[in-house]
Amino acid sequence: MRIFVAGATGAVGRRLVPLLVAAGHEVTGGTRTGEGAERLRAQGASAVRVDVFDADSVHRAVADAAPEAVVHQLTALTNGDRAENGRIRREGTRHLVDAAKRAGVSRIVAQSISWAYGPGDTPADESTPLDGAAERAGLVGSLRALEEAAAEIETHVVLRYGTFYGPGTWYARGGPVEAALRGEQVAGDPVAALLGPVVAGDAVSSFVHVEDAARAAVAALEWPSGTVNIVDDEPAPARAWLPEFAAAVGAPAPAPAASGGREGWERGADNTLARRRLGWRPLHPTWRTGFRTL
Ligand SMILES: NC(=O)c1ccc[n+]([C@@H]2O[C@H](COP(=O)([O-])OP(=O)(O)OC[C@H]3O[C@@H](n4cnc5c(N)ncnc54)[C@H](OP(=O)(O)O)[C@@H]3O)[C@@H](O)[C@H]2O)c1
């Protein structure tokens, strides 16, 4: 299949492109930089310089690639810039979807997140409504815009990913979560602000190894339209996973926090649809063993 990957050099994209090439697909990857283009060519893909905020450049890039499918793995998180990331989801997705429609693309796979569901005491499945709380309106609104735009393409699969861990992510050896555990966070660091307090409390997260995130995007090229949680098998409170993460990266164990303090939306996500119905098989079914590979 001819595939255009937007965000081809990001945490997921850089693992996804070699998987697609190895599976025999003809891949064009988008990047803003010469370095990104070189990396893509070295991975066996074609590269195109594109800024997703420039609608004309997106139209040209997609039209030239003439893809059968578009994979949207764009985020803008390297600098922890929440506003820029929201803009990527709204405006960037709009440009990408418009370009895909104009080029006659009939399939899209897009990256979303699995912690935007409304409050509850159990992991959320895909039928759970997104959070309507006013204080999360910016985040949820941008995700809704992304997911609704993707749904304008005939076959559209939205992957609601858990928190990424693995090399090159924030949950990696030498990453910002390790720095927080060591008390080495730089004051005012926007990534640290985005991560929030790193506390061994009751907030529940669902993780996914970034390699499994990439493998899910490959598999999703064959899935029917819908939204799918791509998370591991074990949603867990920070008081369970944070000490294991600390041990895995050789950081000091966090002091257990007092009970309570979980926001209703900090509930994790359920992967029954991906696992049982769509046959997704993660290499790392739980962070418990996955963290030990860091
Ligand atoms: N579910 C999760 O937990 C989750 C999801 C996403 C990210 N993150 C965290 O955020 C960290 C940073 O993410 P990342 O490494 O993927 O980097 P990123 O800075 O978020 O960039 C991701 C991709 O988007 C592209 N991009 C960004 N702005 C663009 C624009 N205006 N036009 C065209 N392309 C654009 C980048 O391409 P170029 O820079 O090559 O142009 C790159 O390929 C990760 O390591 C991860 O820990 C977590």
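Trainee: Buried means under 20% relative accessible area, exposed means over 50%, and partly exposed is anything in between. So with those cut-offs, where does Arg87 fall?

Mentor: Arg87 has a relative accessible area of 36%, so Arg87 is partly exposed. Keep in mind that this is a predicted model.

Trainee: Which side chain does Arg87 meet in a salt bridge?

Mentor: The partner is Glu91, and the N to O distance is 3.0 Å. Glu91 is partly exposed too, because its relative accessibility is 28%.

Trainee: How many salt bridges does the count come to?

Mentor: The count comes to 13 salt bridges. Another one joins the side chains of Arg136 and Asp131, with N to O at 2.9 Å.

Trainee: Are Arg136 and Asp131 buried or exposed?

Mentor: Arg136 and Asp131 are both buried.

Trainee: And what does Arg239 pair with?

Mentor: Arg239 meets Asp202 in a salt bridge, 2.8 Å from N to O. Arg239 belongs to helix H9 (residues 238–249), while Asp202 is in the loop between helix H7 (190–195) and strand E8 (204–205), so this pair ties together parts that lie 37 residues apart in sequence.

Trainee: Switching to the ligand: which residues come nearest?

Mentor: There are 26 residues around the ligand, and Thr9, Thr31, Arg32, Thr75 and Thr78 come nearest.

Trainee: How does that shell divide into nonpolar, polar and charged?

Mentor: The shell has 12 nonpolar residues, 11 polar ones and three charged ones.

Trainee: What about distances, say for Thr9?

Mentor: Thr9 has a polar side-chain atom 2.5 Å from an oxygen atom of the ligand. For Thr75, a polar side-chain atom is likewise 2.5 Å from a ligand oxygen. In the case of Arg32, a side-chain N or O atom lies 2.7 Å from an oxygen atom of the ligand.

Trainee: How much of the ligand's area does the protein bury?

Mentor: The protein buries 91% of the 890 Å² that the ligand exposes when taken alone.

Trainee: Back to loops. Where is Gln73, and what does its side chain contact?

Mentor: Gln73 is in the loop between strand E4 (69–72) and H4. Its side chain makes a polar contact with the Tyr161 side chain at 3.3 Å. Gln73 counts as buried because its relative accessibility is 4%.

Trainee: Last one: what does UniProt place at residues 3–226?

Mentor: An unreviewed UniProt entry gives those residues as "domain: NAD-dependent epimerase/dehydratase". In the model, the span 3–226 is 39% helix and 18% strand, and its end C-alpha atoms lie 19 Å apart.

Conventions. Residues are numbered from 1 along each chain as its sequence is written. This is a predicted model: local features need pLDDT of at least 70, side-chain atom pairs count only at pLDDT 80 or more; totals for chains, interfaces and linings use all residues. Side-chain values use heavy atoms; hydrogens and water are left out. A residue is near a molecule or strand if one of its heavy atoms lies within 4 Å of it. A polar contact is a pair of N or O atoms within 3.5 Å; within protein, one must be able to donate a hydrogen and the other to accept it, and residues adjacent in sequence count only if both atoms are side-chain atoms. Accessible areas come from the Shrake-Rupley method with a 1.4 Å probe; for residues, only the protein chains shown count as cover. Ala, Val, Leu, Ile, Met, Phe, Trp, Tyr, Cys and Pro count as nonpolar, Asp, Glu, Lys and Arg as charged, and the others, Gly among them, as polar. A salt bridge is a side-chain nitrogen of Lys or Arg within 4 Å of a carboxyl oxygen of Asp or Glu. Buried means under 20% relative accessible area, exposed over 50%, partly exposed in between (1.4 Å probe, protein chains only). Helices (H or I, at least four residues) and strands (E, at least two) are DSSP runs, numbered from the N terminus. UniProt positions are given in the numbering used here, feature names are shortened, and annotations may be inferred rather than shown by experiment.
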